[in-house]
Structures are given as C-alpha cells and as structure tokens.
Amino acid sequence: MPGFRQTGACVETSRTLNLGTGRVPRARSFPVLEIPGETLCPAPAACPVCGGRTRPNGAASCRLAHLPFGGSWSVVTVCRPRARCTRCGASARAPAPFRAPGRTATLALVRLVEDLLAYGLTPTDVALATGLCRQVVREIDRERLACLHTRPTPDGRREPSPPAARSRPLGVDEFKLHDGHRHATVVPDLESGHVLWLARGKRRSALEGFFDLAGDEWMGGVEAVACDMNSDYERAFRERYPHVAVVSDRFHLVRNLNENVIGEVRKDLRRELVEAGDQEGARRLKRTKYLLMASRPTREQWERRETGPRGPSEKQASLFCGEARPRWQAGPESAVRCRELVASNELLFAADLVKDTLSLAYESHGPRQMRELIGHAAGICHGTGGRHFVWFARLLESHMDGICAHALHPVTSGKVEGTDNMIKTLRRKHHGLPDDEYLFLRIMDASRKKQRW
C-alpha cells in the first residue's frame, strides 16, 4: 500500500463467528492474518487547530481491515506518530493515506467490497469473504448506490436523480413492501427496463413526486403508460398530463375474466349440482378450471397434439432413486371435453364467447372497431344476468377508454410484471430488506445491471 511499511513478521490468529441462530448455533472459525506496520507520513509540524508549532508526543496504533490473503482475513496494525501543540495543547496524528475515510478499513478493501457488490454478491457473502461486519458492508453499499442513483440537494439531503434519457412508454404498478397492507409504487421505462421512480404507497400522491422530479418538459415526450386498473394511477396521469394515453393492461383484464368470472361460475355450477344430487354432473366439472380458461388457439394446439402422456426426460429420470412419473399433457380428449362442457351450460358458453370477443378486440386495427367489440362483450355479460358477468361488464364499461387505448398504443405491463418478479427475487436473495431506502437503491441498481455488465 502507498504510505505503509511493514515492520515485522505476520502472525496468524483466528476469529470465531456464529453463522447460525441463537437457538441453533453454528460456530465457525476463520483464520486472520495480523500484519504489523507503520505509516510513512510524519506527524504534522503545525497544529491543525491554531496553526502553532508542535512537538513529538509518542505514537498511537490503529487496526484496519485489509484485503483477504490466501483464504485468510487480514488486519494491519498501523503505528502513527503523534504530536502535541505547544500553544493550545491539541493533539494530532500522522495521516494514513491508505485508510478509507470514516472506516476502520483500507481503501483497497473498500474498493474490493464495492466491486463484489456491483458484481451481484449479497452483503452477507461479502462480509464472510472480507471479514467486515455485515452492517458495515451495507453502509458501504448504500454510499455506492447513493452516488450512482441520487444527487445532492441545496439543503444537504439527497434525492433520486432525474431520468436522463427520453422515454415514450412508461409503466406503473404497485408491489408489496411489508406485511400489513403496505405497498410501494414503481415506475419503469418500458423500452430500457430501468426503474425511474420508487415511492411508498399506491395512491395518486405516490406519482406526484415523480412528476415533480421529471418535469413537464420530460413528461411532454411520454406517449403512453401501461398500468393495471388502478383508478388512482389513471386519475393522476389524466389530470396532470392529459396527452399521455393510459393503457389498461390486457393481462389483468383476462385474469379478471378467468378468475372472477369463469372460475366463480364453475364453482357455483358445481355447488348447485351437488345440492341437486347430480353427482355425475358435479364430477364432470371437477378439475376443469384450466380447461375452461384456455384460449381457442390453445385448444387447437391440443387437437393437433398426439394422444397420451409425455414421458420423463433422461435427466428427470436420473435425479433420484426410482423412475420419475410421466407428466400428463393435454391432448385431443381435453379439447373434446372442453367443447362438451361449454355446450352443456349457457353461462359457460357465454364466458367462452366473451373470451373470444376480447381476443378479437385486441386483434382489431382501430380504436372504433375495438370499442364496438368491447361493448359487444359487455352486452353479452349483461344479457346473462349473472352477478359475476354483470361485475365484469361494469369493469369493461368503466375502463373502456383505457382498454381501447391499446389500439393506438400497443403496450403491455409485461416489463412491469418482470420488474415485480425481480424485486421479489432480490428480497429473497437478501433474506429480506427491511430498510426501504436501501431496498429502493438496490432495485434501481438491479434494473440497470444488465446494461452495465
């Protein structure tokens, strides 16, 4: 290290850590290499307080964590000359240029920690590799991420950096932050996948901070935003930036149809058959949830498929002792069974008709044609008189503008859902991140890591 000189032989010691819990301890011993030395910089000749002359006043030593060497943690013991002012009595030590500011570690070790964290290792893994405390590693990581993704404010605080590149399509969604119905809002760029904004809450106020940060000039280049059917998000964009087209995502619409209409209608029919004593009819509806939810192209693919279960692959059969069970695969018999169920009940037939109408609406080439098809699907739902269908018809009518905006701006929330999965994976990898600010910084960094590496 520049400015450091070793003064003696290295001594190997050990340090014991508990890698388990208090109830189930798991002690492990780590070798530590002690390196004695001194700094080459002399004590200051002038007092840093009053500027007076100083005289020698012995020496003081400090221990600094250093780079791991040969599978062992290393610690350098640095002897630093000390001086005392003859005028005010203040004491000063010789500088150590190899020491990281504010840390009991060397600059080389801090740079190694930053590189390992940027590569993708967790703070726990880095702490075990370098011998630092996990909290210290987190603080180093927080400072690194703050320099990358935030900027200082005039009052001394830091705020997220404004978006650098222009974005035409945006996405907005909420994700679970903590237990107890606490959520956060995420705004990613649908072209690059970069997370531009994170805030606590899922109300309209969570987006106001993003609007103020980005500015009216930057938001003027945004053409569309893809979101689920959260009315607060839609109202926030339409009130402040009416030129931005709010596109209701197709995935959420189809999921509402499958889960809240087809799934509930199937349950009600099976319950009615059981109460009426028709056990055979109830048995035919059993295990038909995904058959009824399948789209028409999926059923056509079933009809072209060969009959019979699919056998296990060689890799699956050799994982454990014994042979793997063959995996069942839908075939022509599944398509025939689905057609029979749809033809046997008016509500199931109406649900299948609504599903096909929505598919045609999303394949249309203009907003007028799409609006007509969506209105036709809502009319079919009202005509059935079922409470689940009426609820879905009201959902279509209340979000008609957002659904039909897909004809002009064919964007989806696919990257938004991928960002949500990335957040879940990140939290599982770190065994939970209770600090919201640190979690937000990690999310922003993880969304940009693909481009950086």
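**Loops, rings and salt bridges**

Biologist: Where is the place of Arg 287?

Modeller: Helices (H or I, at least four residues) and strands (E, at least two) are DSSP runs, numbered from the N terminus. With that numbering, Arg 287 sits in the loop between helix H7 (279-285) and helix H8 (289-293).

Biologist: Thanks! What pLDDT do side-chain atom pairs need in order to count?

Modeller: This is a predicted model, with residues numbered from 1 along each chain as its sequence is written, and its side-chain values use heavy atoms, leaving out hydrogens and water. Totals for chains, interfaces and linings use all residues, local features need pLDDT of at least 70, and side-chain atom pairs count only at pLDDT 80 or more.

Biologist: Back to Arg 287: what is its phi?

Modeller: Most residues other than glycine have a negative phi. Arg 287 is exposed, with a relative accessible area of 72% (buried means under 20%, exposed over 50% and partly exposed in between, with a 1.4 Å probe and protein chains only). Although Arg 287 is not a glycine, its phi is positive, at about 60°.

Biologist: Now the aromatics. Why is the pair of Phe 30 and Trp 73 classed as it is?

Modeller: A search of the whole structure finds 7 aromatic pairs. The ring centres of Phe 30 and Trp 73 are 4.6 Å apart with planes at 10°. Rings of Phe, Tyr and Trp (its six-membered ring) pair if their centres lie within 6.5 Å, with planes under 30 degrees apart counted as stacked, over 60 as edge-to-face and the rest as tilted. So this pair is stacked.

Biologist: How many residues apart in sequence are the parts that Phe 30 and Trp 73 tie together?

Modeller: Phe 30 lies in strand E3 (residues 27-39), Trp 73 in strand E5 (residues 72-85). Phe 30 is buried at 7% relative accessible area, and Trp 73 is buried at 6%. The pair ties together parts of the chain whose separation in sequence is 43 residues.

Biologist: In H16, which residues are buried, and what arc do they cover?

Modeller: Helix H16 (residues 414-429) reaches 22 Å from its first C-alpha to its last, close to the expected 22 Å, a span given by 1.5 Å times one less than its number of residues. Its buried residues are Val 416, Thr 419, Asp 420, Ile 423, Leu 426 and Arg 427. The arc is taken from the directions from the helix axis to the C-beta atoms. These residues lie on the same side of H16 because their arc is only 120°.

Biologist: Which residue does Asp 435 meet in a salt bridge?

Modeller: A salt bridge is a side-chain nitrogen of Lys or Arg within 4 Å of a carboxyl oxygen of Asp or Glu, and the structure holds 31 of them. Here the N to O distance is 2.2 Å.
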